[in-house]
Amino acid sequence: MSRLAVPPHYRDAALFVLLAALFGGSFAAIKTGLAALPPLFFAALRFDVAAVALLAYVAVTRDRETWLPHTRGDYLGIAVAAALLIAANNALLFLGQGSTTTAAASVMYGLNPILAPLFAWWLLKQRLAPLGALGIAVALGGVVIIVQPSPESLAGGSALGQLLVLGAAAAVALGSVGLQWVEPRMDSVPLTTWAMAGGAVLLHLTSLGAGEAVPPLVSLAPAAVLSVLAVAIPSTAIAYPIYFGLIGRVGPVRANLVAYAVPVFATLLGWLLLGEVLSPWTAVGFLVVVAGFALVERAVIREEWLRLRRRFAASEADRPTADPPCDD
């Protein structure tokens with residue numbers, strides 16, 4: 001029996017939703033882990049576990065020639081991903097969240113999809129159409145509606161913390177564009193594996209340089225261990241290869257729109273798993289985010305709509321007509 005062929009745009013759309021769910025589901029686990037571990041060391045430990053898990057998977061499932069870097073683009077891709085998407089992003093984000101409010105951090109990190117087109121224009125000479133830019137702005141408005149940052153929460157957070165989170169967003173935007181610019185040839189899964197290993201080393205060095213007091217790992221409570229595993233496996237070892245793969249196939253600007261879907265899933269999962277109150281404004285914000293996505297992906301939506309209309313018209317034409325009534 002032949003396997004059912006799935007159109008690439010359906011596959012990427014499903015992976016986009018899965019990625020948003022994986023990233024959005026990590027917030028509760030990160031919060032639990034930060035109560036027991038210093039932020040930079042926790043980020044490094046996250047990628048230690050994820051890199052080992054992915055390396056074991058790649059070694060078992062891939063031929064040796066496919067999971068080792070060969071070209072200049074492969075090595076540059078690993079370096080860009082390790083330095084910007086792994087180390088700089090997580091270090092700045094974890095440090096920034098420690099000195100600012102969640103609402104302020106969410107809005108600052110939500111600027112990532114706005115920064116990506118600027119770097120894409122600089123490095124890739126790609127210009128975003130006016131309606132695409134409007135869609136990104138509309139989606140950001142939906143995130144603001146969901147998070148609902150008040151002037152007090154924005155002003156109450158440390159300005160330095162907000163700048164650090166903004167730096168994390170810039171690192172993600174530049175790293176995702178740079179990853180496409182250097183054009184690595186190797187598959188996204190082994191590339192992600194080596195990037196995680198390199199990023200983990202950089203984060204450990206940063207943790208040592210910052211003088212973080214690291215508790216003995218054997219003394220960690222079961223809840224802290226589970227939080228590390230929950231963040232490292234589904235939200236890192238599974239999520240990051242999906243993210244890197246989307247960057248290569250749909251481009252950094254569209255892949256980074258996941259930053260707008262993450263708060264939606266984080267809010268919904270908080271309601272389902274933690275019993276958090278779901279505000280009616282969350283539904284409004286979700287619809288606004290969807291409207292923004294529709295503006296950005298208007299060409300794909302139009303093509304799919306026309307394809308469905310053609311299929312419906314063909315099925316109507318092929319439907320047998322009823323026999324005329326008999327006069328006898």
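Helices (H or I, at least four residues) and strands (E, at least two) are DSSP runs, numbered from the N terminus. This is a predicted model, in which local features need pLDDT of at least 70, side-chain atom pairs count only at pLDDT 80 or more, and totals for chains, interfaces and linings use all residues. Residues are numbered from 1 along each chain as its sequence is written, and side-chain values use heavy atoms, with hydrogens and water left out.

**Exercise 1. State how many helices and strands the protein chain has, and what share of its residues is buried.**

Step 1. The protein chain has 16 helices and zero strands.
Step 2. Buried means under 20% relative accessible area, exposed over 50%, and partly exposed in between (1.4 Å probe, protein chains only). By this rule, 41% of the 328 residues of the protein chain count as buried.
Step 3. Contact means heavy atoms within 4.5 Å. Among contacts between residues at least 6 apart in sequence, 91% join residues at least 24 apart.

**Exercise 2. Locate E183 and K125, and decide whether each is buried or exposed.**

Step 1. E183 lies in the loop between α10 and α11. Its phi is near 55°, a positive value in a residue other than glycine.
Step 2. E183 counts as exposed because its relative accessibility is 52%.
Step 3. K125 is in the loop between α7 (112-123) and α8, and has a positive phi of about 60° although K125 is not a glycine.
Step 4. With 66% relative accessibility, K125 also counts as exposed.

**Exercise 3. Describe helix α11, from its start to the residue just after it.**

Step 1. Helix α11 covers residues 188-210, which makes 23 residues. From first C-alpha to last it reaches 32 Å, close to the 33 Å expected at 1.5 Å a residue; the expected span is 1.5 Å times one less than the number of residues.
Step 2. At the start of α11, a side-chain oxygen of D187 comes to within 3.2 Å of the backbone nitrogen of V189.
Step 3. Buried residues of α11 include V189, M196, G199 and L203. Among the elements that cover the buried residues are α3 (39-61), α5 (72-97) and α12 (222-250).
Step 4. Take L203 as a case: leaving aside neighbours within four places in sequence, L203 is in contact with L40, A43, A44, F47, I86, A87, N90 and A91.
Step 5. Just after α11, G211 takes a positive phi of about 70°.

**Exercise 4. Count the aromatic pairs and examine F23 with Y240.**

Step 1. Rings of Phe, Tyr and Trp (its six-membered ring) pair if their centres lie within 6.5 Å; planes under 30 degrees apart count as stacked, over 60 as edge-to-face and the rest as tilted. The structure holds eight aromatic pairs.
Step 2. F23 and Y240 form an edge-to-face pair, 5.7 Å centre to centre, with 75° between the planes.
Step 3. This pair links distant parts of the chain, since F23 is in helix α1 (residues 8-24) and Y240 in helix α12, 217 residues apart.
Step 4. Both F23 and Y240 are buried.
Step 5. Ring pairs link F23, F47, Y240, Y243 and F244 into a cluster.

Technical notes: Polar contact = N/O pair within 3.5 Å; in protein donor to acceptor, adjacent residues only side chain to side chain.
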